[in-house]
Amino acid sequence: MKGIIMAGGFGTRLRPLTNNLPKPMVPVANRPIIEHIIDLLKTHSIKDLTALLYFQPETITGHFGDGSDFGVKLDYTTPSADLGTAGSVGYALRRDKKPPKTTLILSGDVITDIDLKEAIKFHKKNKAIATIVLTRVENPLPFGIVITDDKGRIIRFLEKPGWGEVFSDTINTGIYIIDRDVLDYIPEDVDFDFSKDLFPKLLEDGRPLFGYVAEGYWKDVGSLDEYRLANLDVLTGKAVVNMPGMASSKEGVWIGEGSKVDLNSKLDGTVIIGKNCRVESGAILRNSVIGDGSVVEKGAEVLDSVLWDDVTVEGGATMAECVISSSTSIGAKSHIGVGAIVSDHCRIGRKSNVKANVKLWPYKIVEDGATLASSLIWGQKWAKNLFSTYGVSGLANLELSPEFAAKLGAAYGASLRKGSTISTSRDAHKTSRMINRAVMTGILSTGVNVNDYGVAPRPVVRYLARYSDETGGIHTRRSPFDEQILDMKFFDSDGMNYHPNKEKAIERLFFREDFERVNMEETGEMYFPMHAFETYQNGFMSAVDKKAIREASFKIVLDYAYGSSSRIFPELLGKLNCEVIALNANLDAEKMTKNAEAFDKSLDQLSTIVRSLGADLGVLLDSGAEKVFLVDETGDIMDTETALNVMALLALKCAKAEGRKGKIAVPVTASRAIEQMADTYGFETVRTKTTPRGIMEAATSGDVFFMGEQNGGYIFPDFLPAFDGMFAITKMLEMLAKQDTKLHKLLREIPPSIMIKERVSCPFEKKGAVMRRLTEESRNKETILLDGIKIFSKNNWIAAYPSQDEPYFHLIAEASTEDAAKKLIRKYSEKITNWQ
């Protein structure tokens with residue numbers, strides 16, 4: 001059998017450790033990762049090996065040669081172009097006149113002790129054309145998820161999902177077993193990927209594609225934290241690898257040839273000491289790896305850390321949970337904080353203090369007595385993930401500080417083409433203004449230009465991005481839910497929320513901290529467009545039937561919630577002959593945030609005023625001008641589920657009357673009443689994900705004329721494929737006028753049903769396992785796997801999907817009776833709890 005090792009990675013997420021070293025050569029337990037892989041293959045009698053190289057190939061070829069010193073036959077290949085994972089393997093196999101019948105492919109940057117023989121046996125037993133080796137993990141988000149039937153045949157997979165798409169905790173390990181026939185599916189000299197191209201094609205053609213769920217240890221060494229943990233897992237025995245050196249008389253200690261360890265030193269836990277090292281009297285080592293040629297002097301403490309080759313730790317120096325790269329010296333009585341990363345050829349001065357989580361790039365010097373509180377490239381690591389449902393959120397001026405915002409702006413700018421233009425905007429709060437200015441400086445430093453719109457409603461700047469040459473933008477606001485939090489929302493050139501892949505690209509640049517800045521002459525320009533609001537107003541008015549609205553002479557009560565829509569919407573409504581009783585129409589940054597009690601109080605006040613003035617309807621427009629909450633002409637407050645049904649019905653009626661073709665789109669969790677109404681009027685209903693980006697993507701399909709969700713958000717894609725509360729209100733008035741009807745009257749036409757919602761606590765590390773159990777248990781039932789899982793039971797259904805940001809599951813059930821809906825909620829709530 002042939003073995004192919006994918007060893008071409010740059011290791012960008014492991015910088016600064018990989019600045020001068022290819023990722024497969026990064027040492028774990030004093031041996032390069034790829035050496036552990038070769039050892040594993042040899043143990044399973046796979047000795048005919050090819051390594052696919054790209055970045056610094058000479059480092060790998062110089063270390064391994066022809067493989068004879070390591071008990072294998074090893075050759076190398078480097079494709080002349082980027083052919084993707086499958087394309088590169090095809091290139092390597094086609095070099096042989098007769099490619100091997102079966103080939104095992106393994107990544108050169110993982111640590112694993114999986115039993116490959118059992119995987120190969122499974123592959124042959126099932127006569128598979130390809131087998132993906134799978135494992136189960138607590139957090140499947142960074143990986144490709146795979147779902148199999150009870151015989152192991154793959155029925156679905158998904159690359160790097162969001163929580164709503166986590167249908168299982170079973171992931172792709174990047175270990176593949178393929179037969180020679182797979183070559184027929186891999187085109188020559190074309191970028192072709194296993195997960196994105198090959199496996200979907202095999203699935204589409206009905207070829208026997210299987211997944212083998214392996215026992216044993218597997219870790220993708222994909223980040224600095226994971227790298228240190230991989231070493232710790234080897235030390236604690238979680239990962240079974242061959243330890244270098246010879247065991248000492250003390251259990252759990254390995255000491256290499258030529259090393260001297262003073263009897264008065266203290267070695268606790270598991271310790272690996274490389275060749276030709278010296279550990280002096282009084283030194284303390286605990287659960288650590290010490291590289292070849294390193295010295296730990298008298299009284300130094302090295303705890304839970306990894307030292308590479310030729311590191312010197314002088315007397316009295318201390319460190320914990322650190323990684324120190326090759327040829328670095330740590331001065332006497334200095335301190336290296338938890339999580340710090342010191343790259344190769346650095347010098348840390350005597351009595352200096354390197355703070356926690358700081359990174360030092362190669363050849364840096366910290367002077368004697370200095371305190372280094374931030375990385376020598378940029379600042380301190382802030383959080384594991386930057387982006388959440390609301391964009392980038394954090395405590396104002398603490399987590400989301402000016403320094404953080406400038407760095408985030410630089411990371412954003414570095415992800416864009418130099419010379420491009422983006423927009424910035426904000427709400428009226430003074431802290432939002434400060435952070436907006438800070439993020440602008442970071443963007444400008446990368447050679448990207450900025451159009452600053454100042455205080456502006458978010459839908460307006462989304463619209464301007466769509467109808468200009470802007471690449472996208474950032475809107476900064478005080479959170480509508482927590483007065484201590486700021487949100488920074490990123491959107492693209494279509495005005496839609498940033499795609500998760502682009503968010504991850506910004507995160508990688510942010511945490512790598514080595515993005516480029518431009519020289520003085522290339523610094524971006526800052527502009528303050530004068531007539532931007534006019535552009536929005538003109539597009540707005542041309543997209544509605546002004547005559548129909550004017551003739552209806554609506555009387556409405558409108559609560560602006562102290563937001564910036566009060567700067568633009570009153571003029572628009574005035575042109576449409578609407579009598580408006582305006583509430584809270586002044587900008588007040590201190591009153592934009594509302595808790596649940598204050599929000600309900602605002603709706604109650606709106607209801608009272610509508611009823612007492614005999615208005616046609618009441619509307620609460622959220623402070624961001626994106627969401628709409630309705631009160632009908634009788635003063636009844638519409639819950640958001642009912643409001644969605646009413647808006648959908650209006651859109652269907654008008655489309656039918658106009659002879660329009662197309663579809664409406666709603667989330668997978670919206671009421672079945674919408675399908676029933678769409679069927680009545682001869683239209684199709686498209687179900688979407690529940691995430692804002694998923695909803696917006698559905699709105700761009702071309703034939704969708706209305707999109708709504710259950711939190712007051714409505715989209716009319718002909719105008720903008722994003723939430724715009726001002727436009728939604730105006731289109732609602734237009735549709736009411738054309739149908740000569742009112743909101744309360746429409747309620748009679750909505751099919752009856754009962755919907756109940758519940759939240760069930762679930763830790764993040766259990767979400768994948770729970771989704772897998774839900775998927776497995778529902779195999780013989782009608783289901784929709786779109787965002788979480790929707791399970792049908794006769795005419796009723798229940799949807800379960802994990803929260804993106806909080807440790808719980810959402811449950812939504814719909815049934816003909818309240819008892820039936822409660823029964824479904826109770827049943828699946830108990831299941832989710834028990835499966836944990």
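In what order do the 5 strands of the open sheet lie? In this predicted model, the order is β49-β53-β52-β51-β50, and the pairing is antiparallel. β49 (754–761) and β50 (783–784) stand at the edges. Each has a single partner strand, so one side of each is left without a neighbour in the sheet. For β49, antiparallel pairing with β53 (residues 808–815) runs over 8 bridges. Within β53, L811 is the bridge partner of E758.

F122 is buried, at a relative accessible area of 17%. Y212 also counts as buried, at 16% relative accessibility.

Y412 and Y498 form an edge-to-face pair, with 5.9 Å centre to centre and 80° between the planes. Y412 lies in helix α7 (residues 402–414), whereas Y498 lies in the loop between β39 (485–492) and α10 (500–512); the pair therefore ties together parts that are 86 residues apart in sequence. Both Y412 and Y498 are buried. The ring of Y498 also carries the charged end of K502 over it, 5.6 Å from the ring centre. A further lysine, K790, lies over the face of W797, at 4.2 Å from the ring centre.

Aromatic residues also gather in a cluster. Its members include Y463, Y467, Y536, F540 and F569.

Conventions: Residues are numbered from 1 along each chain as its sequence is written. This is a predicted model: local features need pLDDT of at least 70, side-chain atom pairs count only at pLDDT 80 or more; totals for chains, interfaces and linings use all residues. Side-chain values use heavy atoms; hydrogens and water are left out. Two strands pair if DSSP finds at least two bridges between them. Helices (H or I, at least four residues) and strands (E, at least two) are DSSP runs, numbered from the N terminus. Buried means under 20% relative accessible area, exposed over 50%, partly exposed in between (1.4 Å probe, protein chains only). Rings of Phe, Tyr and Trp (its six-membered ring) pair if their centres lie within 6.5 Å; planes under 30 degrees apart count as stacked, over 60 as edge-to-face and the rest as tilted. A charge sits over a ring if NZ of Lys or CZ of Arg is within 6 Å of the ring centre and within 35 degrees of the ring normal.
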